[in-house]
Amino acid sequence: PVPTISWRKVNGHNPSKARLRKSQAVLEIPNVQLEDAGMYECKAENSRGRNVFRGQLQVYTYPHWVEKLNDTQLDSGDQLRWECKATGKPRPTYRWLKNGVPLWPQSRIDMVNGVLMIHSVNLSDAGMYQCLAENKYGTIYASAELKILASAPVFPLNQRRKSIIVTKGQEVLIECKPQASPKPAITWKKGDKALRESKR
C-alpha cells in the first residue's frame, strides 16, 4: 500500500517555517539559516514495514561583520590594537591592507585572527587601513583611518605667568602641563640649577 511519510530533524526540532508538500513526500525550508543545518530523517511506512532515509543539510554563508574598525587617533609611541570580527561558514580568514597595499607582519606589526597590533606607533604608521574577511563565498571590507599625533611641547597661555606672589611660609603650586605628543619628559630648574626633591 501507499506509505505514510513523516519528517524529523535528528537531535532537534523541525524548523517552524518548514512546509510539507506532495503528500508529505517533500520537505521545504524557505529562507534557510545556519541554525537549520543538521541531519534530517524521512520515514516511510505501510502495513508491510518501514524504511528510513537520512540526509545531512549543510548551510554555508557569506561573511558578515560582528565587529568593525573605528577611526583612531594615537600619540606617537602608543600601541594600536584593532580587531575585525566576522561570522560565516566556512569561518572567514582575514587580511589587512594599508593605503590599498597588503600589510605583512614586521618587527612592530602583529596580525593574528583578525587582530592587528602595531607597537610604538610613529608618523609612518598613519594612513587608511582595511580589514578583509573572506571565505569561498565572498569577501567583505571594513576601513578606518589611523592618525598619529606628534607635536613639540607647547605651554597654554594660562600657564605662562611671569611671577607668582606668595606669603612666606605658605605653600605654592606651579603647574607644568605642556600640550605635547608623545608625552614629554619634564625637568625643573631654579635659575640654572636643577631642582631635586626634598622634604619641602
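This is a predicted model: local features need pLDDT of at least 70, side-chain atom pairs count only at pLDDT 80 or more; totals for chains, interfaces and linings use all residues.
Residues are numbered from 1 along each chain as its sequence is written, and side-chain values use heavy atoms, with hydrogens and water left out.

How confident is the predictor? The mean pLDDT of the chain (the predictor's confidence in each residue, from 0 to 100) is 91, and 99% of the residues reach 70 or more. Strand 13, residues 115-118, has the highest confidence at 97, while strand 17, residues 179-181, has the lowest, at a mean of 77.

Now, the domains. The domain assignment gives domain 1 as 4-57 and domain 2 as 62-151; bounds like these come from an automatic or database domain assignment. The C-alpha centres of those two domains lie 44 Å apart. From the records, an unreviewed UniProt entry lists "domain: Ig-like" for residues 1-53, 63-147 and 153-200. Those positions are in the numbering used here, feature names are shortened, and annotations may be inferred rather than shown by experiment.

Three strands form an open sheet in the order 1-4-5, with antiparallel pairing; two strands count as paired if DSSP finds at least two bridges between them. At the edges sit strand 1 (4-9) and strand 5 (49-57), each pairing on one side only. From one strand to the next, the twist averages 20°, using axes that are lines fitted to C-alpha atoms (for helices over the stretch in contact), with angles from 0 to 180 degrees between N-to-C directions. Strand 4, residues 38-46, pairs with strand 5 in the antiparallel sense over 9 bridges, and E41 stands opposite R54 of strand 5.

Which cysteines form the disulfide? C84 and C131 do, with their sulfur atoms 2.4 Å apart; the cut-off for a disulfide is a pair of cysteine sulfur atoms within 2.5 Å. C84 lies in the loop between strand 8 (80-83) and strand 9 (85-89) and C131 in strand 14 (residues 127-135), so this pair ties together parts that are 47 residues apart in sequence. The structure holds 1 disulfide.

Both C84 and C131 are buried, where buried is under 20% relative accessible area, exposed is over 50% and partly exposed is in between, with a 1.4 Å probe and protein chains only. C42 is buried too, at 16%, whereas C176 is partly exposed at 24%.

The K89 to P90 peptide bond is cis, omega near 0°, and P90 is in the loop between strand 9 and strand 10 (93-98). N11, a residue other than glycine, has a positive phi, near 55°. N11 lies in the loop between strand 1 and strand 2 (19-21) and counts as exposed at 79% relative accessibility. N99 has a positive phi of about 50°, although not a glycine, and sits in the loop between strand 10 and strand 11 (101-102).

Terms used. Helices (H or I, at least four residues) and strands (E, at least two) are DSSP runs, numbered from the N terminus.
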